[in-house]
Amino acid sequence: MKNLRGKILPCLILILTNFSLLGRDFEIRGIWMQATEIRDKKTAEEIVQKISSAKLNAVFILVYYWGGKSFFRTDYAQPVNERLRQEDLFTYFIDECHRRGIKVYARFSNGQEGGKGNDGILSTYPHLQIENIRGERMRWFDIGKKEVRELQVKLLGDLLENYPVDGVQLDYIRFPSLSYCYCEECTGNFKNIYGVNPIELYYALPVSLGISSTPLARATRAKIIARLENGVPAISLREDNPGWLLLFNWEINKSSIPFFLQILRRALESEKGLFIPLPRRELGYDEEGFGEILRALRNGTIDYKMIGEIADIHCEESILLLPAVQRLGEKMCAELESFLRSGGKIIVTLGREGIKEGRGYERLLGMEGKGARINGYYLLTPVEKHPLIPVFPDSQEKRRKLLEEWINFRKGLITSFVEEVYKKAKRTNGSLTLSAAVFYNKNLGDKVLQDWYSWLENGVVDFVAPMAYVDDKRLLSALQEWKSYDPHLGKILPGLSIYQLRKGREVPKDKEAVMRQIRIIKNAGAKGFILFSFPFLTDDLAKELAKL
Ligand SMILES: [Zn+2]
């Protein structure tokens, strides 16, 4: 028996090896395309004919993109062109492909919206977008949001119920960078688990900020809440219970805006309205600093109202914001003083050169003397506790760990959505394949929170297609990395480019270069490939591919 097994095994290996030599090396010989290349039945036929002539057996066709529009029929998206209202070109295309033995994988853009101008679903529903730490939104679906996930799962449901596709491929299934997403929902969900808002992980004291200022030098009746490392007062507080006046002793700029906004948000949790007095003879703002703060309020969706008369607003539950002050006259100070005494709250930030004109402001602010001009990065350290000023309560080591968790948490948002889609697809039809087009190595994937190796490990995709539109050297090193995770490349299908840049334009790549890369991945044991993309498939290349 032992001997027999010794004889059978080499035979079996020989048979398998021979089998793979019989032109069946690549299970998937795919190509990427956009559905908008299909304009009518005729172009559909031509495309299928061309794909067939290259003996490719799979097409990964983008069907949801273009500003949240779709190429398939659904109640949850507008059609990408009007013709689709009369004619279901996607069904026709799928039938044509299947007739020629070509599998059809419907590809979704999950992140990038792809709209032009205001033409897109995210213009209509801006709250579905991602946000950075400054509260600035971007035309990109926030996969961390429940509403976005539900919308995309419904779209998928309509597709899978009505079209006999062979699988689904997720694309742009990531955030654009580590700078996203800091929206209320994403940060709130993190806080529910870890007890801290990620924005505070970055901006709780002690924190290093770019500070530009001609500060007031010392406190008289105010108390210092935070100082710069050189001893200069950074934040001071004058208390007139229940009123108070908080002074930021510098010009709030890009570097300190997220810090400033979070304090403002904290203040607005207990106060109802934010009011900014219009500039006048008695009150002047540094134009640049003023504009910067107003922009930040708008980007950060913080409501405020410009007002003429302070006497018109209720002192209780109101905050007066004086952004980038450079002129503060005596009469104005008296008005603010009485606002404070009646329980009003005031936040003052300085202009670039501090307060240049006016009288009586030292008494109002509880600070005096002109400090030397400073400009650079300074560490802000806490002096006194105050509910509005976040201080990181734990060690810096703990802070570093939590920041790592914040990265992992956001990777998890993407991963859990992939899993949701996987389950949905398999529930609908167990034989459907779910794949994802991904950044081609771990380093790049990590930078966009796309943890695709873990997707493979946890079995939430059937395979991934790393978009390795790179030179041979990088392709070889990518193959090495892929094989260290997936030695037989059973779940990693290389994506190769068939275009190249010439004088800034995308043109078809030399067929020799394409075929050389196909040989490289074949020698490494790849089970298939996907080419990017259809418009660059020349007749010459098709002939070469047909010989595979
Ligand atoms: Zn978000």
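Visitor: Where in the chain is serine 533 found?

Guide: Serine 533 is found in the loop between strand 27 (528-532) and helix 17 (539-546). Bear in mind that this is a predicted model.

Visitor: What kind of peptide bond joins phenylalanine 532 and serine 533?

Guide: The general idea first: most peptide bonds are trans. Here, phenylalanine 532 and serine 533 are joined by a cis peptide bond, with omega at about -10 degrees. Another cis peptide bond joins asparagine 241 and proline 242, where omega is about 0 degrees.

Visitor: Where does proline 242 lie?

Guide: Look at the loop between strand 12 (233-240) and strand 13 (243-248), which holds proline 242.

Visitor: How do I read the phi of tyrosine 172, and is it positive or negative?

Guide: Most residues other than glycine have a negative phi. Tyrosine 172 is not a glycine, yet its phi is positive, at about 50 degrees. To locate tyrosine 172, go to the loop between strand 8 (167-171) and helix 6.

Visitor: At what angle do the axes of helix 6 and helix 12 cross?

Guide: For a helix pair, take the distance and the angle of the axes together. Helix 6 (residues 184-194) and helix 12 (residues 396-428) have axes that come within 11 Å and cross at roughly 120 degrees. That angle makes helix 6 oblique to helix 12, and the crossing is right-handed.

Visitor: Which residues of helix 6 and helix 12 make the contact?

Guide: From helix 6 come Cys186, Phe190 and Tyr194, and from helix 12 come Leu402, Glu405, Trp406, Phe409 and Leu413. By class, this contact of helix 6 with helix 12 divides into seven nonpolar, no polar and one charged.

Visitor: How far apart are the axes of helix 2 and helix 3, and at what angle do these helices pack?

Guide: The axes of helix 2 (residues 41-53) and helix 3 (residues 89-99) are 10 Å apart, and the packing angle is about 30 degrees. Angles under 35 degrees count as roughly parallel, so helix 2 is roughly parallel to helix 3. Their crossing is right-handed. Helix 2 brings Lys41, Ala44, Glu45 and Val48 to the contact, while helix 3 brings Leu89, Tyr92, Phe93, Glu96 and Cys97. Sorted by class, the residues in the contact of helix 2 with helix 3 are six nonpolar, no polar and three charged.

Visitor: How do helix 15 and helix 16 cross, and how near do their axes come?

Guide: The axes of helix 15 (residues 472-485) and helix 16 (residues 511-523) come within 11 Å, crossing at roughly 20 degrees. Helix 15 is therefore roughly parallel to helix 16. The handedness of this crossing is right-handed. On the helix 15 side the contact has Asp472, Leu475, Leu476 and Leu479, and on the helix 16 side Arg516, Gln517, Ile520 and Ile521. The classes in the contact of helix 15 with helix 16 are five nonpolar, one polar and two charged.

Visitor: Stepping back, which domains does the domain assignment of the protein chain give?

Guide: The assignment gives domain 1 (2-194 + 398-546) and domain 2 (205-391). Taken over C-alpha atoms, their centres are separated by 50 Å. Four residues from domain 1 and seven residues from domain 2 form the contact. The side of domain 1 that touches domain 2 divides into one nonpolar, one polar and two charged residues.

Visitor: How many helices and strands does the protein chain have?

Guide: The protein chain has 17 helices and 27 strands. Its radius of gyration is 30 Å, well over the 24 Å that the globule rule gives for 548 residues, so the chain is more spread out than a compact globule.

Visitor: What box do the C-alpha atoms of the protein chain fill?

Guide: Along the principal axes, the C-alpha atoms fill a box of roughly 95 × 60 × 50 Å.

Terms used: Residues numbered from 1 in each chain as written. Predicted model: local features only at pLDDT ≥ 70, side-chain atom pairs only at ≥ 80, totals over all residues. Axes fitted to C-alpha atoms, helices over the stretch in contact; angles between N-to-C directions. Helix = DSSP H or I, 4+ residues; strand = E, 2+ residues; numbered from the N terminus. Parallel < 35°, antiparallel > 145°, perpendicular 65-115°, else oblique. Left-handed = near helix turned anticlockwise from the far one by under 90°. Contact = placed C-beta atoms within 7 Å. Nonpolar A, V, L, I, M, F, W, Y, C, P; charged D, E, K, R; others polar. Domains from an automatic or database assignment. Rg over C-alpha atoms; globule rule 2.2 N^0.38 Å.
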